[in-house]
Amino acid sequence: MTNNGGTIIGPPVQVADTNAVVSNSVEMEASGGEAVMLTGTGQYVEFTALSAANAIVVRYCVPDTADGTGADSTISLYTNGIFAQKLPVTSKYSWRYGAYPFSNTPGDGSPRNFFDEVRLNGLTVSPGDKVRIEKDADDSALYDVVDLVDLENVAQPLATPPNSLSVTSYGADTNGVNDSTSALQSCVNAAKNQGKTAWLPAGTYLITATINLPSNVTIQGAGMWYTTLLGDASQYNTSYNRVTLSGGGSNIHLSDFAIVGKLNYRNDGDPNDGLVGTYGTGSTISGIWVEHTKVGAWLVNSSGLVVDGCRFRNTIADGCNLAVGMRGTTVTNCTARGTGDDCFAIWPATYTSQTYTPGLNVITHCTGQAPDLANGGAIYGGVSNQIEDCAFMDMPYGCGLLIAGTFVVGANVFSGTTVAQRCDLTRCGGYDPGWQWRAAVTLCPQNVNITNLNINHLNITNSLSYALEIVSPNNNAVLSNATMNLVNISGYGAQVRPYQSASPGPTINGVYGVWARSDAVGSLNVGGLTINGASITSMPASGSDMSNQSSGVPVQNFAFNFIPAPSLIFAVAGNMLQLSWPSSYLGWTLQVQTNAPGGGLSPNWGVISSSTATNQFSTTLDNTTGSVYFRLINL
């Protein structure tokens, strides 16, 4: 990247200790904790495109106005030094102030939610082209902070599906000028009655009320970059005049369009817009872009729902929340960025009647980044819910992963086995005034016991504070039958200094790699823990890598139980190899790695089927297959 005259802001200052005052800053919310501020005419950032692209997203920050209403401006896009076009930027949907649930009043102080995004397609960018974001003389904002640029090669608009009804046949305006709400609802109703698809051709459709989705309805657009349901800013302060698609049955299928709202304030008492409602059984939501709404998707009473390939951007609250009565739902290949609450959450709430027993939900292969409140992925109860194979990064105010009994769930307490596995957490564990420093991974029973928890294969990198913590405010609830295995921590305390004892001094009341707070209750089994390259097999006598500060005398209320490394016992009889291991490791997984002769060591390990149900395994010896390795791990 070339920075011509701009000022690099960040990374955020590392404060002296956990008692230090932390002030919100633009760089705290920037990806990677750094961005470039352009303040003068002709200043720019430029980079080389690595592949062909026809669409762009720019994440930016421009200043608020004195009255908190925000202002519109532009910034200039160039390719290969030639002006391409103006990109519209605004502060009307960013900048919140004060304490939760925040206001739009600058005088309340403590600003946050600095960034917004602009997206544009129809470009022509070839590999090797220079793409430049520049502040020109007619770009009126006092400054433009450029955080990141996404380039994408978007496929052509989808063709009209067979057996479909076009919303334009019912009077919809593809230019986004005339209200298309009635036309879309009429098209949906007719498509249901005729067993057809409601088709949204490429275009922008002004929507000013809830679209109700009965059972057996399919709505398809031309693609999230081509078909947009757009809110009306002049009506958006009235909660029932927002872009809301509300499920009310089963076999509902939504795909390939965008929802762009106009919400610029938070009121938790308002109904949600975006994707909401009940999706029963046999439903899918795929390829939907949701932006500037209260939530991206707030889903209830659905079983077997699949949410795939969606993008949740710059919402006032959650990106995707699986709330009341959600069972067997899969959220996969989705991204959330700039949300105003949890990027992805499983909360088996009870504020309305549940149709299905909440549980068996999976959030997988998803990415969460840079919310201006709360966490990347969170589980608040239910039966055997999982977050796996995800990446969470840049959590300036919260955790990458939160497993917590914080909220009301009634009888939907943690049961079965709750799993968080194979996730990468980068620059997580920020500062929230109500919670102080959060860890990259926080286990917080609080009001609900957490039992049967399995955390494995996590990579925690450059945690802003603690890498992993166990807390139980007011000693109300217990963590039990919980295991943490194969967790690798590389760097912690990036934004607040790690603990240091009086010797060599001076004493620093800082953070730890792994920490049980004074109110922690219960236990955590620990195996395969690595901190900054060192294997931790017992509680360190000193230092900042690990600390148990739980209360209780003479026995502490919380315990870290270190799991000895398992040993495999080998026996050979004829051409058979017999493996066995202690019965105390029943439930662990035997893995195998096979390397061809002369081929070196493979990085891949395969799972031996059904090995978790036994403590022995037999295989035939074959000296033609090369080298074979076995290992026993707790997945």
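These legends go with a few close-up views of a predicted model.

Local features here need pLDDT of at least 70, side-chain atom pairs count only at pLDDT 80 or more, and totals for linings use all residues. Residues are numbered from 1 along each chain as its sequence is written, and side-chain values use heavy atoms, leaving out hydrogens and water.

View A. Trp-225 and Trp-289 make an edge-to-face aromatic pair, with 5.4 Å centre to centre and 75° between the planes. (Rings of Phe, Tyr and Trp, the last by its six-membered ring, pair if their centres lie within 6.5 Å; planes under 30 degrees apart count as stacked, over 60 as edge-to-face and the rest as tilted.) The two partners are 64 residues apart, so to speak from distant parts of the chain: Trp-225 is in the loop between β16 (217–221) and β17, and Trp-289 is in strand β21 (residues 284–291). (Strands are DSSP runs of E, at least two residues, numbered from the N terminus.) Trp-225 and Trp-289 are both buried, meaning under 20% relative accessible area with a 1.4 Å probe, protein chains only.

**View B. Charges over rings.** Look for the charged end of Arg-119 over the ring of Trp-225, 5.1 Å from its centre. Arg-132 lies over the face of Tyr-44, at 3.9 Å from the ring centre. (The rule asks for NZ of Lys or CZ of Arg within 6 Å of the ring centre and within 35 degrees of the ring normal.)

**View C. Two phenylalanines.** Phe-558 and Phe-560 also pair edge-to-face, at 5.2 Å centre to centre and 80° between the planes. Both are buried.

**View D. An aromatic cluster.** Here Trp-298, Trp-347, Tyr-351, Tyr-380 and Phe-407 come together in one cluster.

Definitions and conventions: Helix = DSSP H or I, 4+ residues; strand = E, 2+ residues; numbered from the N terminus. Buried < 20%, exposed > 50% of the residue type's maximum accessible area, 1.4 Å probe, protein only.
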